[in-house]
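Let's walk through this one by question and answer. Have the coordinates open as you read.

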Amino acid sequence: MRARSDQLTREQLLSSETAITSPGRDEARLRACLLYSNSYHTGMSSLAVHTLYSLLNGLDELSCQRAFLPSTEETERLNRHRQRLSSLETDTPLDDFDLLAVTTSFELDWLNLPLCLDLGGIPPRRSERTDAHPFLLGGGPCFTANPLPVLNLFDAIYIGEVEPRLPDLQALTQLPRDQWAEYLSTRPGFFVPGMTRSPVQRQYATMLDKIITATAILTPHTEFANSYLIEMSRGCRQGCSFCLAGQIYRPMRNRPMEALLGPIQSALAHTRRIGLVSASVSDYPRLDQLCHALMQMDPMPLVSVSSMRADGDNRALFELLAASGQQSVTFAPETGTETLRQSVCKRLSDEALFQGITDASDAGLTSVKLYFLVGLPGETEHDRAAIVSLVEHLTRDFPGCSFTISINPFVPKPHTALQAAEVPDYRTMRQLLATVSTALRRLPRVQVRAGSARWAAVQTAISRGDEHLASALVAASTKQVDFSQLRRLFAEAGSNLDQIGIPPIRDGQYPWDIIAMPTAPASKAGL
Ligand code: SF4
């Protein structure tokens, strides 16, 4: 679905923004642009964009602006008038910046990246660029998991959380452009193609106490319109075997309650909508006290949360959400049977799920959203039928609730326990999704949202891909091809979307083992 922001001019987008932190300046020794290769709506819904924008603009002698994937109409207009993609703040063409910082949350956004670069007057492949072009630095969860498919596009890729290595970016302001690659190749966490020896250690912030990760700019044109999002913790204790976030944000770290309340109180001067962000809000150690403190604020914030565990003690949280006017609650049982759930290390019993929904509906949260995966290793027809039985059971037990069921194809991710799992081909996956969705749609008060089997196959191919995919990504992106052309391009690059195989092991290693994931102990920071 198209976002309204796609039809707005940059002046209209800028005029609807309220800056919480200092906006990007134009004048500075080093001029950077943060490029997000998806729409303004999607990019500004990402806390990573806000965080990087704040952190980069907080560095001395460095200014950072933003650029996003233009709409189809805007792309045509740029091509027709031979104009270049430019920054939101000052309409500066991308190729006029010194540094282009690219962040990506989803592998499929890499399909848009070469187009953005091309429109910005920057050759997508590193081999076609010179020091006269901006330095391309990539970072974000997909890069940290497996940067190989886009390695040949970037001058450097950063692996991990940016906070501990900000001094290295600051140092670039004092160095000539032609020394950046060599300098970064000596710094931890930076992968400079042709210079860095692998494996590269993922970097992470040991403490979050002094770091605020929160919305930098309020705008109505995001998924969380005019909401101030703030990260309360990073990482997850659970360790589900399919989950990338559970791996690349280790260890679990919590911010002290006081470090959350101060920024929230300040943000209330701009908006009452506050979003608490965490892999599992339920796991926050002082959740009851935090909820109580938020209820006491004047004005009381209208709180929403990113996700929670059904088996957590969520009662204080449910009370806060209901008092905030929320009606919905989201849980992720992932599978229909407890057996399959246990096999992917998702520790949630059906009984706990029912109790979680009981507590939520008792508090007035009667719109229940549930996430399921299809195509997990070891899954049988019985497991898929059990998704329908489970939801049917819920509709009977909770006649006052409505249910939105999200069913998504399983996509194996590097560095997870299921990194080498076989997945059904996309035609089979489409059939599996259709069978479950059709049965669910017959149930009363149930809405179904099913993911795309085709795009899950593309995502799997990219997430487990290697350098050979770069040519397919560049061709697919700059020519804006459809799925059948994409399938041909991927096949030419050695990746068969019709039957995605298990990734090759070379010398006992998977391609993405060029990235080392430190297994850090759980931190007590901030408690
Ligand atoms: S609980 Fe959620 S965030 Fe944590 S490991 Fe499992 S799926 Fe990932």
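A crossing counts as left-handed if the near helix is turned anticlockwise from the far one by less than a right angle, and as right-handed if clockwise. Helices (H or I, at least four residues) and strands (E, at least two) are DSSP runs, numbered from the N terminus. This is a predicted model, where local features need pLDDT of at least 70, side-chain atom pairs count only at pLDDT 80 or more, and totals for chains, interfaces and linings use all residues. Residues are numbered from 1 along each chain as its sequence is written, and side-chain values use heavy atoms, with hydrogens and water left out.

Q: In what hand of crossing does helix 14 pass helix 15?
A: Helix 14 covers residues 350-362 and helix 15 covers residues 381-397. They pack at about 35°, axes 12 Å apart (axes are lines fitted to C-alpha atoms, for helices over the stretch in contact, and angles run from 0 to 180 degrees between N-to-C directions). The crossing is right-handed.

Q: How many residues of the contact of helix 14 with helix 15 are nonpolar?
A: Helix 14 brings Asp 350, Leu 353, Phe 354 and Ile 357, while helix 15 brings Leu 390, His 393, Leu 394 and Asp 397 (contact means heavy atoms within 4.5 Å). Ala, Val, Leu, Ile, Met, Phe, Trp, Tyr, Cys and Pro count as nonpolar, Asp, Glu, Lys and Arg as charged, and the others, Gly among them, as polar. That gives two charged, one polar and five nonpolar.

Q: How many charged residues does the shell around the ligand have?
A: Around the ligand sit Cys 236, Gln 238, Gly 239, Cys 240, Phe 242, Cys 243 and Ala 279 (near means a heavy atom within 4 Å). By class, five are nonpolar and two polar, and the number charged is no residues.

Q: What area is buried between domain 1 and domain 2?
A: The domain assignment, automatic or from a database, gives domain 1 as 7-201 and domain 2 as 227-326. Their centres, taken over C-alpha atoms, are 29 Å apart. Buried area is the accessible area (1.4 Å probe) that two parts lose on being put together, summed over both. Carbon and sulfur atoms give 66% of the total, which is about 840 Å².
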